Amino acid sequence: MSNRIDVKKTYKLYINGAFPRTESGRTYEVKSAKGAFIANPCLASRKDLRDAVVAARAAHSGWNRATAYNRGQILYRIAEMLEGRRAQFVDEIMQVTGVTKVKAEKELTDSVDRLVWYAGWTDKIASLSGSTNPVAGPFYNFTIPESMGVVAAIAPETPSLLGLIDAVAPIITSGNTVVVLASTKAPLSAMTFAEVLATSDLPHGVINILTGKKEEIAPWMASHMDIDAMDISGLPAKQHAEIKVAGAENLKRIHSFKSADPGRIIAFMEAKTVWHPIGL
Amino acid sequence: MSFEYAPAPESRAVVSIKPKYGHFIGGKFVAGSKHFPTINPATEEVLSQIALAGKAEVDAAVKAARKAYVSTWSKMSGKERGKYLYRIARIMQERAREFAVLETLDNGKPIRESRDTDIPLAAAHFFYHAGWADKLEYAGLGTSPKPLGVAGQIIPWNFPLLMLAWKVAPALAAGNTVVLKPAESTSLTALLFAQVCQQAELPAGVVNIVTGDGSTGSLIVNHPGIDKIAFTGSTEVGKIIARAVAPTKKSVTLELGGKAANIVFDDAPIDETVEGIVNGIFFNQGHVCCAGSRLLLQENVAEEVLHKLKNRMEKIRVGDPMDKNTDVGAINSKEQLAKITELAAAGDAEGAERWSPTCNLPTKGFWFAPTIFTGVTQAHRIAREEIFGPVLSVLTFRTPQEAIEKANNTPFGLSAGIWSEKGSRTLWASQQLRAGVIWANTFNKFDPTSPFGGYKESGWGREGGRHGLSAYLKGVSHE
Amino acid sequence: MSFYGLVDGSDASLKSYLNNLSGVDQVGAEARAAMLATRSIKTTSKRWAIETAITMVDLTTLEGADTPGKVKALCTKAVRPDPTDSTVPSVGAVCVYNDMVSVARTHLDLIGGQHVPVAAVSTAFPSGRASMPVKIQDTQDAIDAGAAEIDMVIDRGAFLAGRYIDVFNEIVQIKEVCGDKAHLKVIFETGELVTYDNVRKASFLAMAAGADFIKTSTGKVVPAATPPVVLVMLEAVRDFYEMTNTRIGVKPAGGIRTTKDAIKQLVLVNETVGPDWLNPKLFRIGASALLNDLLMQRMKLDEGYYSSPQYVTMD
């Protein structure tokens, strides 16, 4: 039996497919449920957010143009990669949040299955929320749902992994790209999840993950004119009004949700209706 | 000086074909009792011996499917069923090359088609339906639609693995178990698929594969233990099946023959149109139910289009299906070759003008050169009967209305093509055409999300898309 | 003046002719090009294709920083691409800016490269934004210096603004300057024309105006010589041949870097216009890095193992 010193992970941000440190140089402490020091994840700044939005915007046109089949394949691969690394996530969740192994394992199971569920939506959501419309005239009229662009999301404090997945997966299913602020108290699963993303053929910039404080980052998300929509499920209800006021400047579509259902996907899509005459 | 392409054969090494096969029942490979040979139609080489399932084997398969349905599959959540289908899709993608080579050897279609079209679409079909398994409440059939039970599925020889995917994937996604019979001349990829089911650890009896001929199919159709029949094949057999199940409670979907009109208007994008005409009838040697077998040319551009079509046909490479540069492969069987030859002779006899480019056809195997008949009218046999080979009948029309009338003047209604750069006319024509699949400025395009099936005598029901699910589910009130 | 009886030289007749051409369906054209890209060219046919492609390369340097030294090195490479293997044929031409033509021609003649023509880019290449007298002088200078081929650019601004007759007349005038001293290639800059319909129109316009070759791009704009664009141009050349019995050449330029890319181009030619075009009189490839990849692939076929850039000269 040796007293081997283990090599501890450095937790950085995930922007544009790479793992940069915060430009602010700041970190904060994450302690275990028992109060022991675990890590110093980055305390992201508004400039990190700015950079993440640039990456997300650049990634949007390619991700949006990818076939629904391709997006589904990638989401499924994310599930494959996560399944293969269950143990690591279970340990991390138990360490940081103090939950039992059984509970942590359940969160992993639900997380993988949730990703698989969203993977199956990419090529079906259009059949549900699109339509041909029988207008009263010689026109072919159809409604296609399309992605909006860049969506900012605030993940809930808990569950730290499943909550993050519910924050990002429905957004990217339809072709949006996302910048998400992870749980503040339990950010480590999010950053380990970024490693899963980095090995899943997900194009750079489609998902960007920041760790830091909601009160610092959320207002900058709300006021950013190149963010098209927000998912504020992770923000306490009393802060919603202020975010919506700030978001009104570019009429952001701002939503929050209680659970996973296809409405979460449709909420971040725009319906486009086209008229075309039918005639010789 | 010319640019001759040296032979570019795909290697056979990736497949290993057993000298003899049995059936896949209850999750195991079981020996067959009687056998018949399956050959490579390009060379007439015997590839293997395939088992002929009789009453005992069909009974065993239905029993295994019922047991699996009652004890396992109908109790399993859609979420878990879906994950089995994802596994199957993944393994098919992994073993794609093996499937492609096997399909080409058994069917005679070019390796480029198996590799680039058949196999990827088959895997995509499983991928798509995997995602429906836990979303059935959104299929438009009510909040909790139910599966039908045990499905008996009989598929044709023209797209063996793809037709298997079109049948098995939605059936399983919807919660049914299946007994599937591949076509007698093309059973090998179905038997390889059985191996994939084992690798995916699919519960025993959910998929059962019994091989055989028309008699085996008949046993399945008439088996009292089967709740639903799905058949793809000729209209003639489809009617036999419809009559057989009429007095029973079985539901049935049929995907039958076609004699599609491919309509070319004078403002069509001409070079791409010629490609589309060629794809429409010579892709897969014309063994396609939805083939564009009647070319309807607007009379004022007929000469120009035919001239370009003939020039283009000179470049079609007919030959060894295992060569990566082959465009058109072998006719699937001696019987099919005889049918094509007979109908083509009828074309000559009825006064149509036959033309083929010069082709060096191999001496062994079953081959038919790509052929067009001009001067065809609606009254000719080659304008009415499905040839199911690389033979195109060319007719003309003067006005759009006349095109539609001629296109619709058939008991079939599977597919149609429209070539024009005018959007309103394309939409108008698609509105008028009595066909279940309409391609505009393209042809023979398939996708798991896109429903496929025919009007009139081309069949009942649709496969693929949200619409295709209703074949395997029942709403509350449907009897 | 060559109008081949297609247009009478008037604006109205040219517009009417071009606007009545059949359209090109983007999805269909790209699908056809993609299918032809799956052709598997191996062994003897690959060897033949590589050898032929080498003879079709217009070895090019078009940099602001070009010096006589750089141009001379290019010429040496053009005549003898592999100093260790004299069986490698010379390339199709050397392509330079017009003020380097004289350097190139002199050096080629010095080293036994009399058979390698010098092509000069002309008419305010690459933008084409200059007055007509300047463009004419540009061309004349190049011919006087020894250029046997002129690669001119069309006025894309005029084309996109619908002034087809101006584009047409410019080509006619440059062709007059070339006379029988030089063949004329007309560059479309397909990346700026954007649609395949425009590429088809530009092809017929240029051929009716007297182009000897139609060329995709300057190499300064992306996308350049994509397979579908070349396919559309080859189809136009095929149709033109049927109408007038005249064979016009095609030159893709820009973005063709590997042997695989070059072979795809040859397959396009073979299956669109046919083998009569598979020689440097009717098909050229504007490239620089391509040559070394062709040499390495040729070595691999002859020797049986993969080569390395160390075994080919950088210039």
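Author: Begin with a definition: two strands pair if DSSP finds at least two bridges between them. Keep in mind that this model is predicted. In chain A, β3(A) and β4(A), residues 139-147, are joined by two bridges and run in the antiparallel sense.

Reader: Which residue of β4(A) is the bridge partner of Ser131(A)?

Author: The partner of Ser131(A) is Thr143(A).

Reader: What holds paired strands together in general?

Author: Strands of a sheet pair through backbone hydrogen bonds, and the pairing is either parallel or antiparallel. Here, three strands of chain A make an open sheet, ordered β3-β4-β10, with antiparallel pairing. Its edge strands are β3 (131-132) and β10 (269-277) of chain A, each of which pairs on one side only.

Reader: Now the chains. Which pair shares the most contacts?

Author: A contact here means that the C-beta atoms of two residues, placed from the backbone, lie within 7 Å. Two pairs of chains are in contact, and chains B and C share the most contacts. Chains A and C have no contact, and their closest C-alpha atoms are 15 Å apart.

Reader: How many residues does each chain give to the contact between B and C?

Author: Chain C gives 22 residues and chain B gives 20 residues. On the side of chain C, the elements that supply two or more residues are α2 (26-36), α3 (43-56) and α12 (259-272). The largest share, four residues, belongs to α2(C).

Reader: What kinds of residue make up that side of chain C?

Author: The side of chain C that touches chain B has seven nonpolar, nine polar and six charged residues.

Note on methods: Residues numbered from 1 in each chain as written. Chains lettered and ligands numbered in written order. Predicted model: local features only at pLDDT ≥ 70, side-chain atom pairs only at ≥ 80, totals over all residues. Nonpolar A, V, L, I, M, F, W, Y, C, P; charged D, E, K, R; others polar.
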